Amino acid sequence: MILFRIVHYDYKIVNLALMKLFYLFLIVLVLQNCTKTNYPTNIATMEHLSAKNNPYFSITDTTKVQLSDEVWAKVLSPELYHIARQAGTERPFTGQYNDFDEVGHYYCAACGNHLFESTQKFASTCGWPSFFEADKNGVSYRRDSSHGMERIEVLCKRCDAHLGHVFNDGPAPTGMRYCMNSISLKFIPENDNNLKK
């Protein structure tokens, strides 16, 4: 009887130790994933490729841009190509504009089309930059049934780049939340000389 109690007691200690190790492993795994940043991997490269070496990027031209995937792959960074042309998604809380509140304008990073004003941006806890209103001449919409969900995809009206999705859980006055990928956006400050070109 005493031997049974000792073995049973040792089993509880081993079981408790294994549970502690398992929880420690989960915590390490979560913390490791929280510190990873997939997009953008190199903001300097993103800026360089999406605007300077992209002959289709213009904040003044509104002509529809229709290019093959091969051409887009040459003029966009790999990260931007994945999001804009293949409808990828940035990991939450990793985007350049998630916690960003400067005054200015947001354009499509692929073509330069005007999308949002900084006055339309609001603090959201979703992990992506969020806006309550978009430039009606800047975006278009498409039904998205991927990943077992029904959503409304937001696209650039000029080049059809994937920007993110829109949901009806935003603040007043519209009640909408445009949940965008930072890498699909290019921010130009209000007083930037590029706006005068």
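This briefing covers the sheets, a loop residue and the pockets of the structure above. The model is predicted, so local features are given only where pLDDT is at least 70 and side-chain atom pairs count only at pLDDT 80 or more, whereas totals for chains, interfaces and linings use all residues. Residues are numbered from 1 along each chain as its sequence is written, and side-chain values use heavy atoms, with hydrogens and water left out.

**The sheet of 6 strands**

- An open sheet of 6 strands runs in the order β3-β4-β8-β7-β6-β5 with antiparallel pairing; strands are DSSP runs (E, at least two residues) numbered from the N terminus, and two of them pair if DSSP finds at least two bridges between them.
- The edge strands of this sheet are β3 (121–122) and β5 (139–144), each of which pairs on one side only.
- Strand β4 (residues 130–131) is joined to β8 by 2 bridges, the two running antiparallel, and F131 has Y178 in β8 as its bridge partner.
- β7 pairs with β8 in the antiparallel sense over 4 bridges, with H165 standing opposite C179 in β8.
- β6 and β7 are likewise antiparallel, over 4 bridges, and here I152 stands opposite V166 in β7.
- In a regular strand the side chains alternate between the two faces of the sheet. In β8, R177 and C179 point one way while Y178 and M180 point the other way, and all are buried (under 20% relative accessible area, with exposed meaning over 50% and partly exposed in between, for a 1.4 Å probe and protein chains only).

**The loop between β7 and β8**

- G170 lies in the loop between β7 and β8, and its C-alpha atom is separated by 8.2 Å from that of F131, the two being 39 residues apart along the chain.
- Leaving aside residues up to four places away in sequence, G170 touches F122, G175, M176 and R177, where contact means heavy atoms within 4.5 Å.

**The sheet of 3 strands**

- A further open sheet, of 3 strands, has the order β2-β1-β9 with antiparallel pairing, and its edge strands are β2 (114–117) and β9 (185–189), each pairing on one side only.
- The twist in this sheet averages 30° from one strand to the next, with axes being lines fitted to C-alpha atoms and angles running from 0 to 180 degrees between N-to-C directions.
- Strand β1 (residues 104–108) pairs with β2 in the antiparallel sense over 3 bridges, and the bridge partner of H105 in β2 is E117.

- The largest pocket has a volume of about 280 Å³; on a 1 Å grid over the protein atoms alone, a pocket is an open set of points where a 1.4 Å probe fits, with protein on both sides within 12 Å along at least five of seven lines, and lining residues have an atom within 4 Å of a point.
- Of the 16 residues that line the largest pocket, T89, R151, H162, H165 and F167 are the closest to its centre.
- Two or more lining residues of the largest pocket come from each of β6 (151–156), β7 (162–167) and β8 (177–180), and β7 gives the largest share, 4 residues.
- The lining of the largest pocket divides into 6 nonpolar, 7 polar and 3 charged residues.
- The second largest pocket holds about 160 Å³ of space, and its lining includes N98, D99, F100, Y106, K121 and F122.
- By class, the lining of the second largest pocket has 5 nonpolar, 3 polar and 4 charged residues.

Conventions
Points joined across faces, edges and corners; volume = space filled by probe spheres on them. Nonpolar A, V, L, I, M, F, W, Y, C, P; charged D, E, K, R; others polar.
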